[in-house]
Amino acid sequence: MFLRLLLLICAPLCESTELFLIVSPSRPIEGNTMTLTCKTQPPPQKLDAKLQFLFYKDGRALGPALDSLPEFRIPVVRKEDSGSYWCQAKITSIKAKLSRRVQIEVHRVPIGNVSLEIQPPGGHLIEGEKLVLVCLVTEGTGDITFFWFRGARGLSLKMKTQHSLMATFEIPAVRESDSDQYYCAADNGYGPSFSELVSITVRIPVSRPVLTLRAPAAQLVVGHIVELHCEAQRGSPPILYQFYHEDGALGNSSAPFGGGVSFNLSLTAEDSGNYYCEANNGQVAQRSEVVPLNITVPMEDRNEVLTSGVIELVLGILAPTTLALLFCCWLKRKIGRRPAKDAVRSIPSPVPQESTYFNSQAPEQLHFDYENVNIVSGDEVYSLVYCVQQEQPSAAEEPLGTHPGDKDSSAIYSRLKKADLTDMDYDDVM
């Protein structure tokens, strides 16, 4: 009775039935799902007792216990999941049957399209900034090992392995010596794939420049040549230097390989004042401290400057007055012009004046000249004839061959009457 019951229970497995392990998909790809199914062939005829299944990989059970489901699912298969698999089916603990072993190879997707990105973008950094090198792949499965290299010779900087399509490498504070070309590589077991080269430029802002005045003597005078030298101690070349006098630009010069530059100045009297320079390499311009320059002007030069200033002042004052006087003379000529028949007028008689006698026994004869007689002839004007009242010398003092009566006013008028009287116009005696 007991034997019959045992045969009845073991019938499904005691028959010539075989177990088969089915893998789906047949060529699993890393990162995808893989399903293991345990099947009997042919299927058992009697199912009075339920079968329970258990799956193994390389002799290790994949589940904690028997399960009534004939399937085992791996959601994300990895390269490390490759190995030898089989399954087991049994009814309770009486009888168990094993499937044949199946070798499963999990395939990876090779790395593809490796690229290197930098932050901040552009590849131009200022010394002290943080540089981030981002290595990216668009294709590839499994754990990926990333490499970062510097320069054409491939100086290795960093290696990092992670289950990701992206990895980063940081330089917290770049220096000018970090300027170079960089690239990265990625490998997931099929060999490394490389990115393109990316250039990184690190620039040092210019420091505050120092302005130095190099003079031939302690006391500067007009004509001396002074050298203005401007130099920034730090800063990536090329550096552009600009020189200033007060707020006016004097000139500029470039230092393509760094260092300082000079500017020669031939001194004049106007070059005294404050000087400074400015340095700029494309980052932030820096200005030097102000340096005063005093020029000694010789006394003759000062007199020339003073004389020229006075002349300019006088001309500025007298020019309007001169124009006004010329206008008045022209207007007087215009008004004083008479017709030809009235051109000649009688000359007013002189007003006799009393004379004073000095050391004389008898009255002396007086000699009179007329003053302020204006004569207009054509475009010529004769003006301002001074009146001179002179004592006639005594007979004792008179030179030989002369007589007091020889001198009279007609002799003076004769010199004024050389022009045609019809063209002359005599003004009244003032």
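The accessible surface of this chain comes to about 27,400 Å², and 56% of that area belongs to carbon and sulfur atoms. Keep in mind as you look around that this is a predicted model. Of the chain's 430 residues, 30% count as buried.

**The chain as a whole**
- If you count up the secondary structure, you get three helices and 31 strands.
- Take the contacts between residues at least 6 apart in sequence: 59% of them join residues at least 24 apart.

- Three strands form an open sheet in the order β18-β20-β23, and their pairing is antiparallel.
- The edges of this sheet are β18 (210–214) and β23 (260–266); each has a single partner strand, so one side of each is left without a neighbour in the sheet.
- From one strand to the next, the twist averages 20°.
- Strand β20 covers residues 225–231, and five bridges join β18 to β20, with the two running antiparallel.

- Phe327, Trp330 and Leu331 together make a nonpolar surface patch of about 320 Å².
- Leu331 has its place in helix α2, which spans residues 299–336.
- Why can Leu331 be called partly exposed? Its relative accessible area is 35%, and partly exposed covers the range between the buried limit of under 20% and the exposed limit of over 50%.

Notes. Residues are numbered from 1 along each chain as its sequence is written. This is a predicted model: local features need pLDDT of at least 70, side-chain atom pairs count only at pLDDT 80 or more; totals for chains, interfaces and linings use all residues. Side-chain values use heavy atoms; hydrogens and water are left out. Patches are made of residues with over 30% relative accessible area and no salt bridge: like charges are joined within 9 Å, nonpolar side chains (Val, Leu, Ile, Met, Phe, Trp, Tyr) within 5 Å. Accessible areas come from the Shrake-Rupley method with a 1.4 Å probe; for residues, only the protein chains shown count as cover. A salt bridge is a side-chain nitrogen of Lys or Arg within 4 Å of a carboxyl oxygen of Asp or Glu. Helices (H or I, at least four residues) and strands (E, at least two) are DSSP runs, numbered from the N terminus. Buried means under 20% relative accessible area, exposed over 50%, partly exposed in between (1.4 Å probe, protein chains only). Contact means heavy atoms within 4.5 Å. Two strands pair if DSSP finds at least two bridges between them. Axes are lines fitted to C-alpha atoms, for helices over the stretch in contact, and angles run from 0 to 180 degrees between N-to-C directions.
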